[in-house]
Amino acid sequence: IGAIHLLKFGNLDGVSMVRGPGSAFLFAPVLFLFGRNPWGIKILLHLLAIACVPVSYRIGWQLGRNRWIALASGLATTLSPDLFLYSNYIMSDLPNIFFVLVFCTFLISALETLEFRWIIAAALMGSFATLFRSENIALLIIGAGALAADMIWRWRMGSLKNLTWNLSAVGLASIIAVLPILWWSAHNQRVYGFFGLSNYAGEVLYDG
């Protein structure tokens with residue numbers, strides 16, 4: 001509904017109080033091209049399901065540096081019944097699974113290299129995942145905490161020289177990632193009268 005409202009009126013006021021605008025951003029281009037034809041969304045979901053396989057392969061390679069471990073990770077994803085099931089339902093967990101997998105591989109790259117491009121990539125992916133499902137804000141907290149802890153550990157072991165600069169990079173990426181979340185919370189305050197990502201009571205455990 002949010003994607004249809006966005007295409008028709010050019011704003012996000014039609015997005016549900018329960019869900020963030022991530023699904024509207026994701027589905028709006030498909031609806032623009034295919035209209036109400038369900039094949040557009042089905043093609044997108046199947047492409048996301050297929051894309052989960054190489055991302056899982058990359059995560060397996062990053063964690064094990066072993067071709068067989070990476071192959072097993074990709075194969076397990078290929079044979080996952082969830083991907084077959086979710087790729088046939090619009091409001092399913094499939095896009096969320098893809099976004100979380102991409103966040104994980106970006107975060108692992110950031111932990112391996114401490115390069116700002118991977119740090120900001122993980123932060124932005126975590127931010128978009130949060131706008132897709134508000135409980136994903138845990139990704140940002142876990143990611144920033146893991147990076148900060150890793151940097152402090154390397155500094156104490158003597159393998160990291162400039163701790164201040166590296167922590168500043170994490171802080172800057174976190175601020176950039178939080179800005180869209182604050183913007184959406186302010187939008188909910190203006191439209192629905194509450195400041196937050198969602199008014200769904202079941203998500204209070206994750207995001208307050």
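Let me start with Arg 65, which at 47% relative accessibility counts as partly exposed, a class that lies between buried, under 20% relative accessible area, and exposed, over 50%, with a 1.4 Å probe and protein chains only. Arg 65 sits in the loop between H3 and helix H4 (67-78), where helices are DSSP runs of H or I with at least four residues, numbered from the N terminus. Although Arg 65 is not a glycine, its phi is positive, at about 50°. Most residues other than glycine have a negative phi.

This is a predicted model, in which local features need pLDDT of at least 70 and side-chain atom pairs count only at pLDDT 80 or more, while totals for chains, interfaces and linings use all residues. Residues are numbered from 1 along each chain as its sequence is written, and side-chain values use heavy atoms, with hydrogens and water left out.

A positive phi, of about 60°, also belongs to Leu 114, again not a glycine; this residue is in the loop between H6 and H7 and, with a relative accessible area of 8%, is buried.

Leu 114 brings us to Ile 119, which touches Leu 114 along with Ala 110, Leu 147, Met 151, Ala 169, Val 170 and Ala 173, leaving aside residues up to four places away in sequence; contact here means heavy atoms within 4.5 Å. In the largest nonpolar core, which has 50 residues, Ile 119 is among those touching the most other members, together with Leu 26, Leu 48, Leu 94, Phe 98, Phe 99 and Met 151. Such a core is a set of buried Ala, Val, Leu, Ile, Met, Phe, Trp, Tyr and Cys residues joined through side-chain atoms within 4.5 Å.

Now to the helix pairs. How do H3 and H6 pack? Helix H3 (residues 38-64) and helix H6 (residues 94-113) meet at an angle of about 25°, with axes 9 Å apart, the axes being lines fitted to C-alpha atoms over the stretch in contact and the angles running from 0 to 180 degrees between N-to-C directions. The two are therefore roughly parallel, a label for angles under 35 degrees, whereas 65 to 115 counts as roughly perpendicular, over 145 as roughly antiparallel and the rest as oblique.

For H2 and H7, the axes come within 6 Å and cross at roughly 95°, so these helices are roughly perpendicular to each other. In that contact, Gly 22, Ser 23, Phe 25 and Leu 26 of H2 meet Phe 128, Leu 131 and Phe 132 of H7.
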